[in-house]
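Subject: Structure for your files

Hello,

Please find the structure below. My notes follow it.

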Amino acid sequence: MLRHRFEPGRLVAGVFLTVAGVIYAGDAGGLWDTPWFVVIPVVMGGLCLAGAVGVLTQGIRRRRGALRAHEDDPRADLPG
């Protein structure tokens, strides 16, 4: 039994923020030189993508819930 629902939007946001952290950690560790403005598109793009995935997920769940409610309704099979 799951403790909570799977949220793909949060997963996408977490991945992009982790990538931003790795970019800064590599820069701080001296592995490469990263200009300060490089991380802004990574974070903003990730947050926009996470928002789009969240909206899509919510729409899919709402549609599935409506279809299941319609299937469970015993009056749905009765004519007019």
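The notes below go from the whole chain to the helices, the salt bridges and the surface.

This is a predicted model, in which local features need pLDDT of at least 70 and side-chain atom pairs count only at pLDDT 80 or more, while totals for chains, interfaces and linings use all residues. Residues are numbered from 1 along each chain as its sequence is written, and side-chain values use heavy atoms, with hydrogens and water left out.

The whole chain

The secondary structure consists of 2 helices and 0 strands; helices (H or I, at least four residues) and strands (E, at least two) are DSSP runs, numbered from the N terminus. The chain has 80 residues, and 15% of them count as buried. Here buried means under 20% relative accessible area, exposed over 50%, and partly exposed in between (1.4 Å probe, protein chains only). Of the contacts (heavy atoms within 4.5 Å) between residues at least 6 apart in sequence, 56% join residues at least 24 apart.

Helix α1

With 21 residues, α1 spans 30 Å from its first C-alpha to its last, close to the 30 Å expected at 1.5 Å a residue. The expected span is 1.5 Å times one less than the number of residues. The buried residues in α1 are Pro8, Gly9, Val12, Ala13, Ala20, Ile23 and Gly26. They lie on the same side of α1 because they cover an arc of only 155° around the axis, the arc being that of the directions from the helix axis to the C-beta atoms. Arg10, Thr18 and Ala28 are exposed on the other side of α1. After α1 comes glycine 30, with a positive phi near 85°.

Salt bridges

The whole structure has 2 salt bridges, each defined as a side-chain nitrogen of Lys or Arg within 4 Å of a carboxyl oxygen of Asp or Glu. One of them joins arginine 5 and glutamate 7, at 3.9 Å from N to O. Another joins arginine 61 to glutamate 7, with the closest N and O atoms 3.4 Å apart. This second pair links distant parts of the chain, 54 residues apart: arginine 61 is in helix α2 (residues 39–72), and glutamate 7 is in the segment before α1 (8–28). Through shared partners, the salt bridges join Arg5, Glu7 and Arg61 into one network. Glutamate 7 is partly exposed, at 30% relative accessibility, and arginine 61 is partly exposed at 26%.

Surface and α2

Tyr24, Trp36, Phe37, Val38, Ile40, Met44 and Leu47 make a nonpolar surface patch of about 730 Å². Patches are made of residues with over 30% relative accessible area and no salt bridge; like charges are joined within 9 Å, and nonpolar side chains (Val, Leu, Ile, Met, Phe, Trp, Tyr) within 5 Å. The most is given by α2, with 3 residues. Isoleucine 40 is in helix α2 and is partly exposed, at 45% relative accessibility. Leucine 56 is also in helix α2, and is exposed at 56% relative accessible area. Its C-alpha atom is separated by 9.0 Å from that of glycine 9, 47 residues apart along the chain.

Regards

Definitions and conventions: Accessible areas come from the Shrake-Rupley method with a 1.4 Å probe; for residues, only the protein chains shown count as cover.
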